[in-house]
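Student: I would like to go through this model with you. Can we take it piece by piece?

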Amino acid sequence: MEVPILKQGAFLIATFQAALSDADLNHLRMGLVQQVVKFRSRAVIVDVTAMDVMDSFASRTLREIAHMIRLRGAETVIVGIQPEVAFAMVQLGLTLEGVATALDLEEGLAYLNEKFRTAN
Amino acid sequence: MSAGEIRVAINSDQDIVIARQKGRAMAAELGFSSGDATLIATAISELARNIVSYARKGSITLKSIQGSSRVGILVLAEDDGPGILDIRQALRDGFSTSGSLGLGLPGVRRLMDDFEITSQPGQGTTVVVKKWRQ
C-alpha cells in the first residue's frame with residue numbers, strides 16, 4: 001500500500017492508512033528520508049489519524065523515522081493519534097520519546113510554522 | 001450475536017493486519033466499545049507479530065465466549081515454533097530475544113483481562129487471552 005507524501009513548502013506531509021503492513025512501514029521509512037533529502041525539507045508531518053492500531057512495530061518505526069530525519073537535520077511531528085490508540089499504546093508500554101506530537105494536521109503545521117518563524 | 005469462530009493463518013506480516021481487522025470486526029459485532037475493540041485489535045497485532053517474528057507461521061483463532069453473565073472474546077495464538085525457554089522472563093517488560101520487539105507479551109497481558117501461555121522449547125507456543133465486555 002502506497003503512503004501518499006505531499007510536499008507543502010519546506011515541509012513534507014505523509015498520511016498513514018489504516019491497514020499498513022510491516023513491509024509498508026519499512027518502505028515508507030526509507031521513502032520519507034529520501035524525500036527529505038530530495039526536497040531539502042525542514043520538517044515532516046506524519047499524519048496517523050487513520051491508524052486504528054499502533055502496535056510495537058509501528059511505534060518503533062515512527063521513532064526510527066523521527067531519528068533518521070533528525071540526523072538529516074530536519075524535524076518530525078506525529079499528528080492525529082486517536083484517543084483510543086493513545087490509550088492502547090500506554091497500556092502496551094509504547095512511547096514516542098523525543099518525538100514531537102500534535103493534535104492534528106492543523107496544529108502540527110501551526111507548531112512548525114511558529115518554530116521556523118522564530119528560528120529565522 | 002453469533003460471531004462464532006474465525007481462524008486466520010499467520011504466515012506473513014500482511015496476515016497480522018488481516019487478523020487484527022477480523023478481531024476488531026468480531027469485537028464490534030459482540031458489542032465491545034470502540035476503545036476496547038482497539039485494545040483487542042492491538043493485542044492481536046502483537047500476538048500475530050510474535051508468531052511471524054519467532055515461529056514464522058502459526059494461526060490466530062477468534063471466538064466469542066459466554067461467561068455466567070457476560071459476553072467476551074477469546075483470542076488463541078498458536079505456533080509450532082522454537083517455543084519459549086523461560087516464560088517468566090518473557091513476561092517481564094523489556095525482554096526480547098529478537099532485539100526489536102520485547103514489549104509484546106507483558107503488554108498484551110495488560111491489554112486483556114485474562115492471559116494464559118503454554119510453551120515448551122521445540123514444541124511451539126500457545127497463548128490464550130480473553131476480554132470481557134464491560
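Tutor: What follows is a set of questions and answers on a predicted model.

Student: In what order do the five strands of the open sheet of chain A stand?

Tutor: The pairing in this open sheet is mixed. Neighbouring strands are turned by 25° against each other on average, direction ignored. The order of the five strands is 1-2-3-4-5.

Student: Which strands of chain A stand at the edges of the sheet?

Tutor: An edge strand here has a single partner strand, so one side of it is left without a neighbour in the sheet.

Student: Do strand 3 and strand 4 of chain A run parallel or antiparallel?

Tutor: Strand 3 covers residues 43-47 of chain A, and strand 4 covers residues 75-79. Five bridges join them. Val44(A) stands opposite Thr76(A) in strand 4 of chain A. The two strands run parallel.

Student: Which strands of chain A does helix 2 of chain A touch?

Tutor: Helix 2 of chain A packs on the sheet. Its direction makes about 155° with that of strand 4 of chain A. The strands touched by helix 2 of chain A are strand 3 and strand 4.

Student: And which strands does helix 1 of chain A lie across?

Tutor: Helix 1 of chain A runs at about 160° to strand 2 (11-15) of chain A. It lies across strand 1, strand 2 and strand 3 of chain A.

Student: Why is helix 1 of chain A roughly parallel to helix 2 of chain A?

Tutor: The axes of helix 1 (residues 22-39) and helix 2 (residues 56-71) of chain A come within 10 Å. Angles under 35 degrees count as roughly parallel. The axes cross at roughly 10°. That makes helix 1 of chain A roughly parallel to helix 2 of chain A.

Student: How many nonpolar residues does the contact of helix 1 with helix 2 of chain A have?

Tutor: From helix 1 of chain A come residues including Leu25(A), Leu32(A) and Val36(A). Helix 2 of chain A gives, among them, Phe57(A), Ile65(A) and Met68(A). By class, there are three charged residues, one polar and, for the nonpolar class, nine.

Student: Which helix gives the largest share of the side of chain B that touches chain A?

Tutor: The contact takes 18 residues from chain A and 23 residues from chain B. Helix 1 (13-29), helix 2 (34-55) and helix 4 (104-111) of chain B each give two or more residues to that side of chain B. The largest share is nine residues, and it comes from helix 2 of chain B.

Note on methods: Residues numbered from 1 in each chain as written. Chains lettered and ligands numbered in written order. Predicted model: local features only at pLDDT ≥ 70, side-chain atom pairs only at ≥ 80, totals over all residues. Contact = placed C-beta atoms within 7 Å. Helix = DSSP H or I, 4+ residues; strand = E, 2+ residues; numbered from the N terminus. Axes fitted to C-alpha atoms, helices over the stretch in contact; angles between N-to-C directions. Parallel < 35°, antiparallel > 145°, perpendicular 65-115°, else oblique. Nonpolar A, V, L, I, M, F, W, Y, C, P; charged D, E, K, R; others polar. Pairing = 2+ DSSP bridges.
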